[in-house]
Amino acid sequence: MPSIDTLSPSAAHFTAIPLAERGAMRQPIVPMLGRAPRVHLWHIGCQMNDADRIRLAEQLAEIGCVPEVALEDADVAVLITCAVRQNAEQKVYGKVGALAAWKRERAGRAIALTGCMGVEHGDALLARLPHLDYVFDVREPEGFLDKLQSLHGANLDGPVTLPPSDRLTAYVPVIGGCNEMCTYCIVPFVRGREVSRSIAEIVDNVRRLVDRGVREVTLLGQNVNSYRDPASNAGLPELMAAVDSVPGLARQRFLTSHPRNAVPELFEAMRDLPTACEQLHLPVQAGNDDLLRRMRRAYTVAEYSSVVAEAVATVPRLAVSTDIITGFCGETEEEFFSTEHLMRDLRFDVVHLQAYSVRPGTAAARRPDDVPISVKKARLNRLLGLQREVAQEINQRLIGESVEVLVDGVAGDGRCYGRTRQNKVAWLPAGSGSPGDLVTGRVSAVSAWQLTAVPSSVPA
Ligand code: SAM
Ligand code: SF4
């Protein structure tokens with residue numbers, strides 16, 4: 001994929017033009033700053049963007065910039081964007097508009113944009129968004145970092161030490177891109193083909209996160225279970241075993257799996273590795289074979305169901321979650337009811353529902369988007385109602401069961417909250433533990449989306 005580093009003609013402080021050659025209107029921020037630039041980061045969209053934000057913060061710190069500062073203290077705002085649905089893009093346009101006033105408040109401030117919208121639209125964004133200064137590809141941030149370095153070199157005093165992580169959980173990208181080409185999805189166009197990082201690099205990444213206080217990592221990829229170590233060809237189960245050996249790591253998960261690559265060895269690793277959590281996110285998207293074929297999902301409902309059955313049989317106390325799209329091109333009532341039927345049948349712990357949104361350039365964009373938005377939303381709400389009932393019933397059965405909670409924070413009333421190994425939000429009474437503790441408790445009350453537990457162990 002070609003590099004997309006793109007510069008606004010008005011972004012004097014990012015241009016490579018020597019300072020002396022700049023016109024009077026083009027005042028660089030460097031001489032006025034006299035210190036390292038402070039960078040505000042903002043992201044929207046999937047966990048991959050969350051992970052890209054952490055990585056970009058590290059890269060900025062490596063060259064001596066100060067990342068993750070509050071907007072009011074920042075010289076540069078970097079937006080890590082999402083293109084998966086139209087409304088995510090609208091939010092980004094709104095954000096850039098809202099930053100215009102921030103930029104006007106102090107001369108020399110700049111707005112940079114990266115992430116999937118940057119790849120999708122490239123420099124057309126600069127024409128559309130007059131306040132935007134710079135667009136770059138987050139997978140190849142060297143041009144952006146070099147630009148900052150060349151302009152601010154005199155004020156960069158080598159790597160900035162990042163403070164201890166304010167998070168106990170972190171996303172670790174292990175494979176980028178996607179080779180699947182589902183007809184509705186823009187990801188393969190904006191993230192490219194699959195590229196895996198090496199096991200050694202990932203383990204080192206996890207080790208550094210643990211050193212900064214992280215207790216739980218989520219190994220991340222659009223199609224994470226097609227992970228292959230570039231040197232040894234080892235897959236996700238072997239990677240999980242290597243991550244399991246990092247001292248101080250309490251838990252690991254992985255996201256997002258494709259049913260096609262969900263092999264028995266993966267479920268065995270989830271069962272056998274002490275840090276591996278009993279949670280499987282396996283997007284199905286639809287519960288009808290014709291719909292799945294039109295989406296190019298490469299499996300049938302029966303095949304998907306048998307993968308879930310195998311996972312559940314292998315991993316004790318497994319929680320299974322999924323993604324479903326309502327109102328895809330030509331979705332009939334009958335097809336929609338098949339999806340509803342599948343949800344009743346498989347009884348997922350969590351279902352992420354989205355109404356179909358046309359993405360220009362995808363194969364599905366050539367088909368009529370013929371399900372009215374009102375129908376898409378009505379179907380989505382119907383499934384949401386069904387899922388509330390199913391989740392309530394599943395959680396009800398957990399009453400009296402033991403759960404392990406990684407305490408994430410303490411609420412205003414003193415109660416602790418965190419997540420179970422199955423990734424359910426759980427509340428514990430005040431004084432049950434501190435952030436980072438693993439507390440075992442018995443479930444005493446539930447709702448569809450949360451558990452309440454009473455501790456039965458001293459925090460670990
Ligand atoms: N790789 C994962 C998979 O195999 O499903 C998911 C990645 S995708 C970025 C996250 C979710 O966004 C998908 O599971 C799908 O439900 C949803 N999604 C993707 N494209 C969409 C579209 N055009 N309209 C609505 N939802 C979409
Ligand atoms: Fe998109 Fe399909 Fe790849 Fe998931 S598997 S990122 S839905 S193309």
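This is a short chat about a predicted model of a protein with ligands.

Q: What's the average pLDDT here?
A: The protein averages 90, and 91% of the residues score at least 70.

Q: OK, ligands. How many residues surround ligand 1, and which are the closest?
A: There are 16 around ligand 1, the closest being Tyr 184, Gln 222, Gln 285, Asp 323 and Ser 357.

Q: Which atom of ligand 1 does the backbone of Tyr 184 approach, and at what distance?
A: A nitrogen atom of ligand 1, with a backbone N or O atom of Tyr 184 lying 3.0 Å from that nitrogen. Gln 222 also uses its backbone: one of its polar backbone atoms is 2.6 Å from a nitrogen atom of the ligand.

Q: What about Gln 285, side chain or backbone?
A: Side chain: a polar atom there lies 2.7 Å from an oxygen atom of ligand 1.

Q: Which residues surround ligand 2?
A: Cys 178, Glu 180, Met 181, Cys 182, Tyr 184, Cys 185, Val 187, Pro 188, Gln 222, His 258 and Arg 297. By type, the shell around ligand 2 has seven nonpolar, two polar and two charged residues.

Q: Switching to packing. Which residues touch the most other members of the largest nonpolar core?
A: Leu 219 and Met 240, in a core of 71 residues. Helix 8 (residues 199-211) gives the most to this core, six residues.

Q: What lies apart from that core?
A: Another core, of 26 residues, with Ala 74, Leu 79, Cys 82 and Leu 125 among them.

Q: Back to Met 240. What does Met 240 touch?
A: Leaving out residues up to four places away in sequence, Met 240 touches Leu 219, Gln 252, Phe 254, Leu 266, Ala 269, Met 270, Leu 273 and Ala 276. Met 240 is also one of the buried residues of helix 9.

Q: How many residues of helix 9 are buried?
A: Seven of its nine, so helix 9 (residues 236-244) is mostly covered. Its buried residues pack against helix 8, strand 10 (216-220), strand 11 (251-255) and helix 10 (264-272).

Q: Last one: Gln 59, which sits in helix 2. Why does Gln 59 count as buried?
A: Because its relative accessibility is 13%, and buried means under 20%. Beyond residues up to four places away in sequence, Gln 59 touches Pro 141 and Leu 145.

Note on methods: Residues numbered from 1 in each chain as written. Chains lettered and ligands numbered in written order. Predicted model: local features only at pLDDT ≥ 70, side-chain atom pairs only at ≥ 80, totals over all residues. Heavy atoms only, no water. Core = buried A, V, L, I, M, F, W, Y, C linked by side-chain atoms within 4.5 Å. Buried < 20%, exposed > 50% of the residue type's maximum accessible area, 1.4 Å probe, protein only. Helix = DSSP H or I, 4+ residues; strand = E, 2+ residues; numbered from the N terminus. Contact = heavy atoms within 4.5 Å. Near = heavy atom within 4 Å. Nonpolar A, V, L, I, M, F, W, Y, C, P; charged D, E, K, R; others polar. pLDDT = per-residue confidence, 0-100. Polar contact = N/O pair within 3.5 Å; in protein donor to acceptor, adjacent residues only side chain to side chain.
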